[in-house]
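I opened the model to look up a few things. These are my notes, in the order I took them.

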Amino acid sequence: MIPLLLIPILSYAQVPELPPVELGIGNREVVWIVMQVHLLFAAFILGAPIFVVLCEFIGMRTKDARYDRLAKEVTKVTSIAYSLTALFGGFAILVLIGLYPEITSYMIRRFFPMVAIIYPLLFIGETVTLYSYWYTWDIWKEKKGRHLAVGILLNLFGLATMFAINAPTSFMNTPPRPLATATLWQAINNYTWMPLNLHRTVGNITFGGFITGLIAAYLYMASKKDEDKAFYDWMGFVGNLIGIAALIVLPLMGYIYALEFYKYDASAGLYLMSDRLSMHWEINGVLTGATFLAGNFYIWLSMKRVEGANRFAPYVKAGFIIILICNAIWMTPRHFWPVMQVPEDLLTKVELPPHLGFLALMQAKNTAAFLTVLVTLINYLLYRRALKTGKIIWGKIDFISQYVLIFLGFTSIWTMAFMGSVRSFARKYFHVYLYIKDTTPESYTPTLAFTTAMATLITWVFFILVSFAIWLALISGMQKKGKEG
Amino acid sequence: MVERSFWQKTKWKLVISVALSVIIWIVSGLIGFPRLFQWMFMGYVIGGLLFFILLDARPMKERSGGAAVLSVIIFYLIISFVYTINGALWPQYNPEEEKEKIAKLMKSVVSPKQKIGELEAKVEELSKKVEELSTRPAAPVAAPAPSGEAAKKAAEKVAGIPAKAGPSPELIAQGKEVYDLYECYNCHKIGGKGGVKRRGPELDHAGKEFTAEQLKKRIWYPYAPGTKATKGFEKEFEEQTMPDYYNEQISKEEMAALVAYVLSLK
């Protein structure tokens, strides 16, 4: 009788068992690269349409044809990037099933109605609207309202798709407790789902802005005619402006996201901010500081070519000093030590003494972030003021500005690749935090040096592919036009 | 007004940076910043100097074609190098330490494959027993020695919450290991060590303050009805800083050892 009762359990073993796939170069690393490249493309194809529709709308209202051209060129690159996103998404699923079959199967079953029905439907909706948006550009030239409606629909599908896939991602970090009785909605609407949605939405706009700046820099360099140079100079400015505008809100979104980790489990928050991942935030500080400095440097270069704007130079320089001091505060850690507990003999050498400990608290960091944002806003206002009295000649900007745009594009990609891994490491040695342990040999947190090397590798893979997409979509066409002309 | 040359501007920036470095070094030393932090500030002054030099640099010559492509690739290589090296310059922890910890924590994890193997063995054992019982003539059976779950329960009873005789030094040592394994020191202090911020009560005299049952309850179910906050930690209690999931993480055996260790602190 008893053996008969066990038959249903044993029937799972009917499929011949195969040894686990070990690639030799590290299963985790392979998944890491493929997933992150997919995510970077996804961020671009979700971020760019938000900003493209905004540009098209401004173009329609102001009758400035440049906005429409900008929107169209970015959409052209987006449509190629879209195919690459799907390609890497499919690749990622195959890699996950092959290398992590048990957890992948669990996640699919846990979110089955969503990953098998809702997500594919949203994806189809996004595909249809994206290609409709692209192919109706010229057809509906005179019916801009209709075209814009398709663009808005595209963004709604894009955001919904991202929200849907953010559910399993955030679930792995902060699953509902107790998990066994949690409903599908509770699994979706977990502690960090909405903060991740907000963080990624704003992050994607920033990303889209800086990638547009990157496209503009490439095309500026490839332009032969003054007219093209003027356009791509302007396009770089708009890309940087939108990137920086969204970046201003990003630290707040990140703060809310981190706060939810603390609320979910204080020890997870500590692990993220004060323990093995604490030094990762130093790199984040370097990247944030570099991005704000570069973004403001670009505004400075833009101002330099405006007649009579020199009078604002001392104020802008003072602003740079404030940004540098704020970044120093942002980056001052409680201690230069990679884990929370410092050996006693090193305490006085690597840790802030108690009376200076306030510099490591969030109040100090938030004040520094606020001042950095404020200086950026003031710089932009000064630029606007300079424009009121002076004349700007597009296409005559210091050539170094194009490297600043490239730097911003590269840094934003690198930051996303790097911080994405930090989010993933916050699960410690769990696939699903606290519930499903990762029993593979690579469940430990890799060193910071290794993570930065991986971020660089991923950025290169993405950069090569995105540069190819830009070349394919725009530069080759420009060269052809040049020859014909 | 005559525009100052690039060198003239740079010269002044250098002078100001040197003066600033000296002032920052002295002042930061006087107010108690450790040397490492002082070096970080110096790094900032150098970074700031380079940035300000860049601000007033002469406009860059335009590049196009192959020269532009090459310059962009070189630029990428430089940024990649700087970012990658930057990661290696910060303090690194040794993953081997974490691997050891994970290996200990994974002891209780049974893979589905192992589970199936265990079930198959059990099926085989039970089948044999059924066969034996059906062929053997009925005879008075002696009480079987405890096995499996029963034996585990008996062992737990023995190793459980220490009774009047007091816990063995081995159990206390095991408890210290459990304390380290679950990183309780991240929030609690013992002998002045641990607890970066004041997140949880100091445990130096916990043995005097709690009974074994109270401790067990506070670790496994910190927010069970009737539990009150430790004096001075009302806010932390309200915010539920103490994780409430240890009933799913810490096994009975581990808990027995952990309680024995904490009770030994008097």
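Predicted model: local features only at pLDDT ≥ 70, side-chain atom pairs only at ≥ 80, totals over all residues.

Buried or exposed, or in between? A:Thr104 counts as partly exposed because 17 other C-beta atoms lie within 10 Å. The cut-offs are 20 or more such atoms for buried, 12 or fewer for exposed, and partly exposed in between, with C-beta atoms placed from the backbone. I found A:Thr104 in helix α4 (residues 101–110) of chain A. Helices are DSSP runs of H or I with at least four residues, strands are E runs of at least two, and both are numbered from the N terminus. Not counting residues up to four places away in sequence, A:Thr104 touches A:Leu96 and A:Ile97. Contact means C-beta atoms, placed from the backbone, within 7 Å. I also checked A:Thr104 against A:Ala369, 265 residues along the chain, and their C-alpha atoms are 39 Å apart.

Conventions, for the record. Residues are numbered from 1 along each chain as its sequence is written, and chains are lettered from A and ligands numbered from 1 in the order in which they are written. Local features need pLDDT of at least 70 and side-chain atom pairs count only at pLDDT 80 or more, while totals for chains, interfaces and linings use all residues.

Next, A:Ala369 again, this time in a helix pair. A:Ala369 is one of the α14(A) residues that meet α12(A). On the α12(A) side I noted residues including A:Tyr315, A:Gly319, A:Ile322 and A:Trp330. The contact divides into 14 nonpolar, 3 polar and 1 charged residues. Here Ala, Val, Leu, Ile, Met, Phe, Trp, Tyr, Cys and Pro count as nonpolar, Asp, Glu, Lys and Arg as charged, and the others, Gly among them, as polar. Helix α12 (residues 313–330) and helix α14 (residues 362–389) of chain A pack at about 160°, axes 9 Å apart. Axes are lines fitted to C-alpha atoms over the stretch in contact, and angles run from 0 to 180 degrees between N-to-C directions. The two helices are therefore roughly antiparallel. The classes are under 35 degrees for roughly parallel, over 145 for roughly antiparallel, 65 to 115 for roughly perpendicular, and oblique for the rest.

How do α9(A) and α10(A) pack, and at what angle? Helix α9 (residues 226–264) and helix α10 (residues 266–273) of chain A pack at about 135°, with axes 5 Å apart. That makes α9(A) and α10(A) oblique to each other. A:Phe261 and A:Tyr262 are among the α9(A) residues that meet α10(A), where I noted A:Leu272 and A:Met273 among others.

Then the cores. A nonpolar core is a set of buried Ala, Val, Leu, Ile, Met, Phe, Trp, Tyr and Cys residues joined through C-beta atoms within 7 Å. The largest has 137 residues, and A:Phe41 is among those with the most contacts inside it. Helix α2 (residues 27–62) of chain A gives the largest share, 20 residues. Beyond its neighbours within four places in sequence, A:Phe41 contacts A:Ala81, A:Leu84, A:Thr85 and A:Phe88.

Last, chain B. I counted 12 helices and 0 strands there. Of its 266 residues, 15% are buried. The contact between chains takes 53 residues from chain B and 62 from chain A. On the chain B side, α3(B) supplies the largest share, 11 residues.

How values were computed. Contact = placed C-beta atoms within 7 Å.
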